[in-house]
Amino acid sequence: MVCVNNRIKTSKYNILTFLPVNLFEQFQRVANAYFLFLLILQLIPEISSLSWFTTIVPLMVVFTITAVKDVTDDCVSICSKLQNEKWMNVRPGDIIKLENNTFVAADLLLLSSSEPHGLCYIETAELDGETNLKVRQALPVTSELGNLIFHFIGGVVCEPPNNKLDKFTGVLFWKDNRYSLNNEQMLLRGCVLRNTGWCFGMVIFAGPDTKLMQNSGRTKFKRTSIDRLMNALVLWIFGFLVCMGIILAIGNSIWEQQVGAHFRIYLYWSEVVNSSVFSGFLTFWSYIIILNSVVPISLYVSVEVIRLGHSYFINWDRKMYYPKKDIPAEVRTTTLNEELGQVEYIFSDKTGTITQNIMTFNKCSINGKTYGKSVLINVLPKTVPVDFSFNPLADRKFQFYDHSLIESIKLGDSMVHEFFRLLSLCHTVMSEEKNAGELIYQVQSPDEGALVTAARNFGFIFKSRTPETITVEEMGKLVTYQLLAILDFNNIRKRMSVIVQTPDGQIKLYCKGADTVLFERLHPSNEELMYLTSDHLEEFAGEGLRTLALAYKSLTEEHFKEWFKILQEENTSLDNRNEHLAAAYEEIEKDMMLLGATAVEDKLQEGVTETIASLSLANIKIWVLTGDKQETAMNIGYSCHMLTDTMNEIFIVTGHTVMELQNQHSDREYFVLQAHALEADLENEFVEVACMCQTVICCRVTPCQKAQVVELVKKHRKAVTLAIGDGANDISMIKSAHIGIGISGEEGMQAVLASDYSFAQFRYLKRLLFVHGRWSYFRMCKFLCYFFYKNFSFTLVHFWFGFFCGFSAQTVYDQWFITLFNIVYASLPVLAMGLFDQDVNDQNSMDYAKLYEPGQLNLLFNKHTFFICIAHGVYTSFALFFIPYGAFYNTAGEDGKHIADYQSFAVTVATSLVIVVSVQIALDTSYWTAINRFFVLGSIAVYFAILFAMHSDGIFVIFPNHFPFVGNARNSLSQISVWLVILLTTVVSVMPVITFRFLKEDLNPTITDQKPLQNYIPRVYRRNSRRSAYAFSHQEGFGELITSGKNM
């Protein structure tokens, strides 16, 4: 077996592969291969009328600029690799030590830890999105070694590397014995060691063999839909170019046969030309070279510059900067900006992306009275929170704004005291007192932490526990309760209870759980209080809060002993033990007295609800893909208003075959997907049903399945997809989507390193798409439309001229004008438009979501608009050639001299072209800046400056063979008739455009021409669907672990 090292490659290139891989990527653009072909043609003197350097210099510039940009995009990943270099040499079989709060960097077999019985606690949010702590336990035979673990000599035989996060099968061979291994002994790469001083582990899988990397997928070369369209258009243009070449070549053969033969006495054919047919063949290639500027090399240079500029605009956007953590937005791939304006599907992780992973105690109902301020009302800066200074052990981060609750506690309200006493006793939290007065709680789930912290601040402080006792400080007095039993939580019971004995001998049962379950087990005397509390729960649920009901029951010693005897018998039964235990729990958990209810807020990231509402208005479908279970996923869906009570009944995919799924099919507004729906034979049904829904939530999906969902939508819907996440479990999804976004969150930088864009908060996604994405798409489309128009106008003049020059491949313009037109005269104005133009400002782009739809529908640049641009260019070239030709035909100048010479005609057509394209870009520009004005006027000024310089006597004396147009500009442009021809050509070229746009805006206005409807984002109130906070507990509680004493 070959052992791989732990080196993870996050970059596309290295020193050896950069040149070949980058050139391979660049030649995937059809145009680059096309230009290389033209360069080869220009090296053949018999067919080229242009110098080879006119192609090779721009081509090298394109390759260089693109290569520099690509290596810049990749350098962050390379830097990341160097930062992790200390892990590079870890190999399978190595034994390594991890300390508390460190990431697990390879798949390890847990051997021993600082905790009793080889226990350790891990957080797996990076792998499955679950924030609750999980327990792993070493084999007893290795846990006893402790720090002597380096004397361990053994071997492991296990399954091959795979992407299954919840399964592991292996055998440990040690001291002539075999020990079975499973997932309970494994620490996977991406986990974080929590509440454990240290642990030792043996590396099982390293580097790309780890389960995390097996789920991450391969880095893909991403191209935008416009790039792919341009590749097709270049092929079409090349076909059009070939057609023009064939027409002109046939014309040359006919002309040489019928007319050219009469002039061979003094116009000899070259030795290689021996027939008119062969002359036509050479002319074909000559015209291919002359007309190649219909797709100029400068197009790709300009596209890269515009994309780079758009990337810097995103990086510099202060409105996407997160000052709390000093995190700006960052573009990590500069080639996808315009695709941000075409997104139709967003695939989002939940934990850390939509939520903050923070649960807070907001409101409560105690004995029929509510306490706490509504979360729907923003707390004013002047609002004073409750002062907890009387409690030295209070959590200083905890804030509560209803002073009446603390007053009730201080006044000794027995029901309020009992309420918080229950919260301080009924849980599976474990405490650790690091320093005097500094309590650290080890919580199984965030909701338990929020409730115990609330009790702590209100004077009921959970201090410590043993397998038999719980110690609580109640209003400054230390009280130790005997822990008689823990009736643990599970997904069926939806509640947990503890039975304790007070110091004065009373036995009490304290229970908390979902109200729907708890209310059924109350004493009949609680009916009136139950209805009142139920109304409060409705109110809490309407504010999007997680609710739990609380109840207690006093037990006699005889009753408890009788029940406990039954419990012990059921606990030792061999058949159906769980069912028997559940029945025993049911027996004791009845006729309870209602105390009240809690309301906990699962804090969403700031602006999540508004962002999701705005994205939905823009017809963007948002799918949440999470490793959490169904209840949790639905709760978050309600919290961020993706799910509402106005929607139809929930549709949960439970079928395992196509027929079962079809039988479940119905018109739903949303549905919740279980992971098995992604099986191969259900793919088509899944996509068909899911895409009809307004909201889709996929729960219990692995990282690999997240990527599978994205790939299915890409395959079947042909839509632009965006994936956003913050953890390593999102990497494969981020890589699979057209656009991947990483949230710079609490859980490291794995997702950011794999992403194309990164920022700190989910709410910035709205600005990224609606402003930067929409502007980038709008600008790139206008740039391409103008560029193709401009170059067809410039190039097709040669085609018309061919019919009047004997199809001799003679160019209309001076060779220097051909070289400089796209580089100097017409490059900067269109570049400025591509960088700065905007149809509406950023605020309107944010306010009117409907403005985003043209990008989704691909309206601004498609095959139809391309052909309109081509037709416009053909018309302009026709006017540019035939108006001067007709005006100069048999015409004398003002001095009586003939001005219909080739050079005067060339100068007139070139000047008309520069002015026409400048006027056209002025008409196309929607947003004028000082830079636009300077570039448009400056380009015209530079043209005339260079024109008079190249036509001057001085430069002709120095380079007589390269500048033959001596004095022509001065002679031609000094005549009024020439300027009148230029004016007429300009008017004829642009007037149809002005007329068409005027009529179109009046008769068929676009969405930006109209005043869009104001976004209406209603505040959604939840009714009739309470959600238990226990939705955040993903497994059975730590009850059995606590009572066993293994964790003590």
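**Exercise 1.** Is E527 buried, partly exposed or exposed?

Solution. The model is predicted; local features need pLDDT of at least 70, side-chain atom pairs count only at pLDDT 80 or more, and totals for chains, interfaces and linings use all residues. Residues are numbered from 1 along each chain as its sequence is written, and side-chain values use heavy atoms, without hydrogens and water.
- Step 1: E527 lies in helix α14 (helices are DSSP runs of H or I, at least four residues; strands are runs of E, at least two; both numbered from the N terminus).
- Step 2: its relative accessible area is 44%, so E527 is partly exposed (buried is under 20%, exposed over 50%, partly exposed in between; 1.4 Å probe, protein chains only).

**Exercise 2.** Find where G544 lies and state its burial.

Solution.
- Step 1: G544 is in the loop between α14 (527-542) and β22 (546-555).
- Step 2: with a relative accessible area of 14%, G544 is buried.
- Step 3: D602 is 58 residues away along the chain, yet the two C-alpha atoms are separated by 8.7 Å.

**Exercise 3.** Describe how α20 and α21 cross.

Solution.
- Step 1: the axes of α20 (residues 683-690) and α21 (residues 703-717) come within 10 Å and cross at roughly 80° (axes are lines fitted to C-alpha atoms over the stretch in contact; angles run from 0 to 180 degrees between N-to-C directions).
- Step 2: α20 is therefore roughly perpendicular to α21 (65 to 115 degrees; under 35 is roughly parallel, over 145 roughly antiparallel, the rest oblique).
- Step 3: residues making the contact (heavy atoms within 4.5 Å) include F686 of α20 and L712 of α21.
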